Structure formats: C-alpha cells, structure tokens
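Have a look first, then follow along.

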Amino acid sequence: MGIRVIDPKLCIGCNVCVDVCPLDVIRLDSSTKKAYIKYLRECQSCFLCEVECPEDAIQVVSVHERRMVTAW
Ligand code: SF4
Ligand code: SF4
C-alpha cells in the first residue's frame, strides 16, 4: 500500500510532502489546502514524506509490512 494516510486534521498545507516525494504521489488540494494521496500505486514506501512532514500527519507502511498485510 505504501503511503497509508494523510490526516487532514493535522495537515497545515505546507507542501513539503509534495516537494519531497520523488514519485509525484501527493498533491495539495487547491480548495481545502490539504495534502491528499493522488497516485497511491506509484508510492515506493521511501518514507521521505513521513519523515519530513512537520506535523506528523503522514503514515507510510513499509514494503515488508505490506507483504504481511497481504498474507493475512
Ligand atoms: S508535509 Fe505534512 S503538513 Fe505539510 S502539506 Fe504534507 S501532510 Fe500537510
Ligand atoms: S513514501 Fe516516498 S514515494 Fe511514497 S508518497 Fe511518501 S515520499 Fe512519495
């Protein structure tokens, strides 16, 4: 699954996650000014967005965890 959630209650619309994502997964909604997951399937679980978000609004699942979830 890769990036799992961007919490809109925590997101302050700073655009950092959009800038750091190397795979163009995240967009900023122009009306709500909140980040959202646009291209989930492109995510490679690099964790950059989760690490760089100043509000801890993003959760990413590692590839390993993704396999475990699939196994269930
Ligand atoms: S880095 Fe965090 S606070 Fe900034 S836009 Fe992305 S999700 Fe929102
Ligand atoms: S984990 Fe990496 S590839 Fe996935 S959305 Fe975040 S920055 Fe982009």
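## Overall layout

Of the contacts in the protein between residues at least 6 apart in sequence, 52% join residues at least 24 apart; a contact here is a pair of C-beta atoms, placed from the backbone, within 7 Å. Bear in mind that this is a predicted model, where local features need pLDDT of at least 70, side-chain atom pairs count only at pLDDT 80 or more, and totals for chains, interfaces and linings use all residues. Residues are numbered from 1 along each chain as its sequence is written, while chains are lettered from A and ligands numbered from 1 in the order in which they are written.

The protein has 3 helices and 4 strands, running β-α-β-β-α-β-α from the N terminus. These are DSSP runs numbered from the N terminus: H or I of at least four residues for helices, E of at least two for strands.

## Core

Buried residues account for 19% of the protein's 72 residues. Buried means 20 or more other C-beta atoms within 10 Å of a residue's own, exposed means 12 or fewer, and partly exposed is in between, with C-beta atoms placed from the backbone.

The largest nonpolar core has 13 residues, and C17, I26, C49 and I58 touch the most other members. Such a core is a set of buried Ala, Val, Leu, Ile, Met, Phe, Trp, Tyr and Cys residues joined through C-beta atoms within 7 Å. Beyond its neighbours within four places in sequence, I26 contacts C17, V18, C21, A35, I37, K38 and C49.

## The two ligands

Ligand 1 has 14 residues around it, with C11, C14, V16, C17 and C53 closest. To be counted, a residue needs its C-beta atom, placed from the backbone, within 6 Å of the molecule. This shell splits into 11 nonpolar, 2 polar and 1 charged, where Ala, Val, Leu, Ile, Met, Phe, Trp, Tyr, Cys and Pro are nonpolar, Asp, Glu, Lys and Arg charged, and the others, Gly among them, polar.

Around ligand 2 sit 15 residues, and C21, V25, C43, C46 and C49 come nearest. Its shell has 12 nonpolar, 3 polar and no charged residues.

## Loops worth a look

P8 is in the loop between β1 (3-6) and α1 (16-20). P8 and A35 are 27 residues apart in sequence, yet 7.4 Å apart in space, C-alpha to C-alpha.

K33, in the loop between β2 (26-28) and β3 (35-37), isn't a glycine but has a positive phi of about 60 degrees. F47, in the loop between β3 and α2 (48-52), isn't a glycine either, and its positive phi is about 75 degrees. F47 counts as partly exposed because it has 14 C-beta neighbours inside 10 Å.

Methods: Contact = placed C-beta atoms within 7 Å.
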